[in-house]
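Hi everyone, thanks for coming.

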Amino acid sequence: MAQAKIHHAKMTEAAKGKFSRSMSMADRSGQLLESLDQLEIRVEALREAATSMEQERECLLDLIQSIKNSEEMRSICDGEREELSLTANRLLGRTLTVEISVETIRNSTQEDALHKATSLIDEIAAKLLDDMDGARKRLMALHAACVTEAPPVPIDTKFQTIVITCALEDQKKIKRRLETLIRNVDNSEKNIKIMDHQKVDDLNSANGK
């Protein structure tokens, strides 16, 4: 009887110890999970910050190029234009020294969709100089496929299907690239008009008008 009580007491103590160890392991597991959750938040914040820096780099490059090709730059004297061009080139070079890369996780379907979308844009970009007006219309149709609000131009539905299949981060990058290309086309057309106007003025001056 006494032995039975001792055995029962030992079993009870063993059960308590096992229960305590299980709770301790659960607590540790919960703490580790909480730490990982907090780290995940920081990882996503890091990616967002890097993506913002990547966009800022693109914006700076675009602004510097716009100033270099601006009407104001052409309207100043040669000495000042040369000095400002040197400054712009220096800023351009320093900006290009900053390299930021945020890799996007994709499955095979998203990878294929990105390749198709990039190829379509590259094809249009390669023909910009041959047909700037036609290329702009196609770029606008592709861009219309990337926005949620109703666009004022026709939508390239084939491209829209491809973009929807891309990863979300790639969709944003595709949209930004199209916006940059359209902006560059607009600036180029403006510069061409300015140059044509200057030629007319020079011709009129030569003819005494």
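Helices here are DSSP runs of H or I with at least four residues, and strands are runs of E with at least two, numbered from the N terminus. This is a predicted model, where local features need pLDDT of at least 70, side-chain atom pairs count only at pLDDT 80 or more, and totals for chains, interfaces and linings use all residues. Residues are numbered from 1 along each chain as its sequence is written, and side-chain values use heavy atoms, without hydrogens and water.

A pocket, on a 1 Å grid over the protein atoms alone, is an open set of points where a 1.4 Å probe fits, with protein on both sides within 12 Å along at least five of seven lines; lining residues have an atom within 4 Å of a point.

The largest pocket holds about 330 Å³, counted as the space filled by probe spheres set on the points, which are joined across faces, edges and corners. Its lining has 15 residues, with Leu61, Asp62, Gln65, Thr180 and Asn184 closest to the centre. Helix H1 (2-68) and helix H7 (168-206) each supply at least two lining residues, and H7 gives the most, with 8.

Now the second largest pocket, at about 220 Å³. H1 and H7 each supply at least two residues here too. Among its lining residues are Glu44, Arg47, Lys172 and Arg176.

Which domains does the lining of this second largest pocket draw on? At least three residues come from each of domain 1 (30-102) and domain 2 (106-196), with bounds from an automatic or database domain assignment.
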